[in-house]
Amino acid sequence: MCGIAGLIHRGKVSGVGSEMTAMLQALKHRGPDSTGYAVYGSGSPGDYVMRLKLAEQEDMGRGHGIHAIIDQRKDAVDAILAEHHVDVKSRRHSTDYALRYVIAHAGDTEDMARHIEEVDGVEILSLGNSLEMIKDLGDAATVSSAYELDDFRGTHAIGHTRMATESDVDIRSAHPYWAFPYNDVSVVHNGQLTNYWLMRREMERKGHRFMSDCDSELLAVYTAHNLSNGETLEQSLQRSIEEIDGVFTYLVATRDELGMAKDTMAAKPLVLFESDDLIALASEEVAIRAVIPQEIDTVDPYDEETRVWKA
Amino acid sequence: MEGMSDNALAGMTQEQRAETLGMTSEQLSGRSMLIEFDPDAEPNLAYPWAPDVDHGKSATLDADELTATQVNERIRELMHEGCGTITVLNPRGKHGLGVGILSRLNLVVEGSLGYFGIGLIDGPNVRVNGRVGWSCAENMMAGTVIVEKNAGSTFGAAIRGGDLVCRGSVGSRTGIDMKGGTIIVGGDTGALSGFMMQRGRMIFCGNAGKNLGDSMYDGTIFVGGSIRSLGVDAVEAELTELDQHWLKRKLDLYGMAPAEGVAHFTKIVAGRQLWNYDNLEPAEKKLIL
């Protein structure tokens with residue numbers, strides 16, 4: 001089933017970490033397997049935040065040896081960063097298997113990212129000036145607590161509660177997906193993509209990388225491909241209605257935008273609240289009510305509808 | 001049956017007696033069922049267990065800290081205490097509130113509901129001063145439900161009777177599998193509204209999305225605005241004078257009649273090209289041949 005949520009503040013910074021936690025916790029019944037966030041902070045000019053996964057959560061139960069392996073992977077990442085003349089401004093563990101770097105890098109970030117992902121077991125969850133992606137097993141309250149998201153302030157965020165149907169219960173298959181190698185672009189999705197393998201092969205032929213077998217990852221790669229061809233987010237969303245088969249509703253966030261698209265059958269739910277200073281979307285009204293207590297007007301976007309809002 | 005003696009009837013069960021004498025009727029409003037007359041039975045409401053409520057006796061219920069199940073149980077308790085008017089406060093988009101109410105009741109919801117609100121009802125008058133999520137009033141048998149704001153998809157799925165009203169716009173697949181009753185929408189409706197509709201009427205004062213009335217067996221759809229496209233076997237029919245009288249009367253009932261009248265409405269019915277009730281399935285033909 002899965003639950004998706006998004007919110008964007010217009011012209012102000014807010015506690016989007018705690019707000020997204022409240023929304024996702026309200027959607028817990030739609031998917032208890034994993035929870036993920038893509039939160040957008042202010043960032044510092046020239047700095048990148050890189051979130052890494054050094055192992056799966058389930059790997060941690062395989063004895064003490066895994067800690068030594070994680071240390072080796074961490075050392076390998078540091079060596080690659082040094083090789084690319086990256087200035088590491090901070091590095092901290094969110095969990096035993098998740099790292100957050102703040103780096104300054106004047107070179108090719110895609111080349112650096114591809115090099116890092118050559119390290120066996122390492123996956124870059126996100127890389128961007130303002131994007132930070134956090135995803136792990138468990139509900140929103142659990143993940144938020146582990147990654148100290150309650151204090152995160154920013155302009156917008158998207159999130160996902162996952163019920164695994166077509167791929168494994170692991171961080172690799174959890175949403176959101178980063179639109180590699182596009183900095184600051186992330187996607188959450190609810191639905192099933194029926195031309196996934198056809199589209200995936202097409203994207204792979206064009207040089208895009210896939211880290212999971214989850215059909216939702218296609219939307220991130222597809223968006224990255226369209227953006228790299230010079231399309232706007234709105235154009236990419238509209239194109240997806242024509243080219244992606246299946247039933248889907250998905251949200252895309254960029255550095256300063258939040259977008260949505262709904263398939264031709266409108267088979268997957270989305271409720272939208274829109275005001276002058278806040279836009280909130282979720283699979284269910286109950287998630288919007290979790291952050292807006294007063295009585296409000298909400299609507300269901302229709303089939304083939306796409307929208308983009310700016311922060 | 002003529003000539004049947006009391007002695008002969010005495011040896012039968014009550015159901016046999018009623019059937020033999022032809023004293024049965026099919027109840028079509030509310031639950032569709034065969035009713036057998038029984039002179040020994042006490043007069044009762046449609047459902048023997050339904051509480052007899054007093055509309056003058058009211059109660060307020062705060063749903064803020066309660067689960068949907070607790071809210072629904074409390075509504076039943078209040079009805080058994082004789083409350084005929086119940087106001088639910090702070091629903092906050094919870095799912096499944098106000099379901100399974102099978103007798104008279106004035107229910108007012110101050111706020112918005114999530115999925116499957118007010119479903120499986122037979123008789124109450126409900127007003128939601130907010131919005132409703134997917135599948136509001138699903139399988140409604142009788143009564144009225146008035147939603148003051150917008151509604152999600154599958155609004156009034158499979159309803160069999162009563163009036164279901166949304167003053168705002170509704171999502172997709174409105175009235176899917178509808179078997180009776182009336183759905184009235186003040187605004188627009190999404191794709192595939194009236195999909196596999198079997199009976200009843202729908203009125204959309206605004207625009208209708210694509211594939212309107214797709215695979216409808218029967219029933220009537222009236223649209224005041226534009227229709228993006230008709231579904232398979234949905235066809236336009238003449239809007240008669242009688243249709244206009246009925247439309248105006250129905251919309252007036254809820255204060256929704258357009259100032260410009262109803263003559264501009266488009267009437268959609270089943271083309272009946274998909275009807276093949278009398279045709280044999282290929283396997284059956286093979287057996288005969």
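Trainee: How do the axes of helix H2 and helix H3 of chain A cross, and within what distance do they come?
Mentor: This is a predicted model. In it, the axes of H2 (residues 65-83) and H3 (residues 109-116) of chain A come within 10 Å and cross at roughly 155°.

Trainee: Parallel or antiparallel, then?
Mentor: Angles over 145 degrees count as roughly antiparallel, and H2(A) and H3(A) are therefore roughly antiparallel to each other. The crossing of H2(A) past H3(A) is right-handed.

Trainee: Which residues meet there?
Mentor: From H2(A) there are A:Val77, A:Ile80, A:Leu81 and A:Glu83, and they meet A:Met112, A:His115 and A:Ile116 of H3(A). By class, the contact of H2(A) with H3(A) has five nonpolar residues, one polar and one charged.

Trainee: Moving along chain A, at what angle do H5 and H6 cross?
Mentor: Helix H5 (residues 196-205) of chain A and H6(A) cross at roughly 40°, and their axes come within 10 Å. H5(A) and H6(A) are therefore oblique to each other.

Trainee: Is that crossing left-handed or right-handed?
Mentor: The crossing of H5(A) and H6(A) is left-handed. On the H5(A) side the contact is made by A:Tyr196, A:Met199, A:Arg200 and A:Met203, and on the H6(A) side by A:Leu218, A:Val221, A:Tyr222 and A:His225. These residues of the contact of H5(A) with H6(A) divide into six nonpolar, one polar and one charged.

Trainee: And what about H6 with H7 of chain A, at what angle do their axes cross?
Mentor: The axes of H6 (residues 216-228) and H7 (residues 233-243) of chain A come within 9 Å and cross at roughly 125°. That makes H6(A) oblique to H7(A). The crossing of H6(A) and H7(A) is right-handed.

Trainee: Which residues of H6(A) and H7(A) meet?
Mentor: In H6(A) they are A:Tyr222, A:Thr223, A:Asn226 and A:Leu227; in H7(A) they are A:Leu233, A:Ser236, A:Arg239, A:Ser240 and A:Glu243. By class, the contact of H6(A) with H7(A) has three nonpolar, four polar and two charged residues. A:Tyr222 also belongs to the contact of H5(A) with H6(A).

Trainee: Where in chain A is confidence lowest, and where is it highest?
Mentor: Confidence in chain A is lowest in strand E9 (residues 177-178), at a mean of 90, and highest in strand E14 (residues 278-282), at 98. The mean pLDDT of chain A is 93, and 100% of its residues reach 70 or more.

Trainee: What does chain B average?
Mentor: Chain B averages a pLDDT of 89, with 85% of the residues scoring at least 70. Over residues 28-32 of chain B, pLDDT stays under 50, and the model has eight contacts for that stretch beyond four places in sequence. The model scores ipTM 0.85 and pTM 0.86.

Trainee: Staying with chain B, what does B:Thr144 touch?
Mentor: Not counting residues up to four places away in sequence, B:Thr144 touches B:Pro124, B:Asn125, B:Val126, B:Asp163 and B:Tyr254. With B:Asn125, the side chain of B:Thr144 makes a polar contact to the side chain, at 2.9 Å.

Trainee: Which strand holds B:Thr144?
Mentor: B:Thr144 is found in strand E7 (residues 142-147) of chain B.

Trainee: One last item: what is the phi of B:Ala137?
Mentor: B:Ala137 has a positive phi of about 60°, although it is not a glycine. B:Ala137 is placed in the loop between strand E6 (122-128) and E7 of chain B.

Conventions:
Residues are numbered from 1 along each chain as its sequence is written. Chains are lettered from A and ligands numbered from 1 in the order in which they are written. This is a predicted model: local features need pLDDT of at least 70, side-chain atom pairs count only at pLDDT 80 or more; totals for chains, interfaces and linings use all residues. Side-chain values use heavy atoms; hydrogens and water are left out. pLDDT is the predictor's confidence in each residue, from 0 to 100. Contact means heavy atoms within 4.5 Å. Axes are lines fitted to C-alpha atoms, for helices over the stretch in contact, and angles run from 0 to 180 degrees between N-to-C directions. Helices (H or I, at least four residues) and strands (E, at least two) are DSSP runs, numbered from the N terminus. Angles under 35 degrees count as roughly parallel, over 145 as roughly antiparallel, 65 to 115 as roughly perpendicular and the rest as oblique. A crossing is left-handed if the near helix is turned anticlockwise from the far one by less than a right angle, and right-handed if clockwise. Ala, Val, Leu, Ile, Met, Phe, Trp, Tyr, Cys and Pro count as nonpolar, Asp, Glu, Lys and Arg as charged, and the others, Gly among them, as polar. A polar contact is a pair of N or O atoms within 3.5 Å; within protein, one must be able to donate a hydrogen and the other to accept it, and residues adjacent in sequence count only if both atoms are side-chain atoms.
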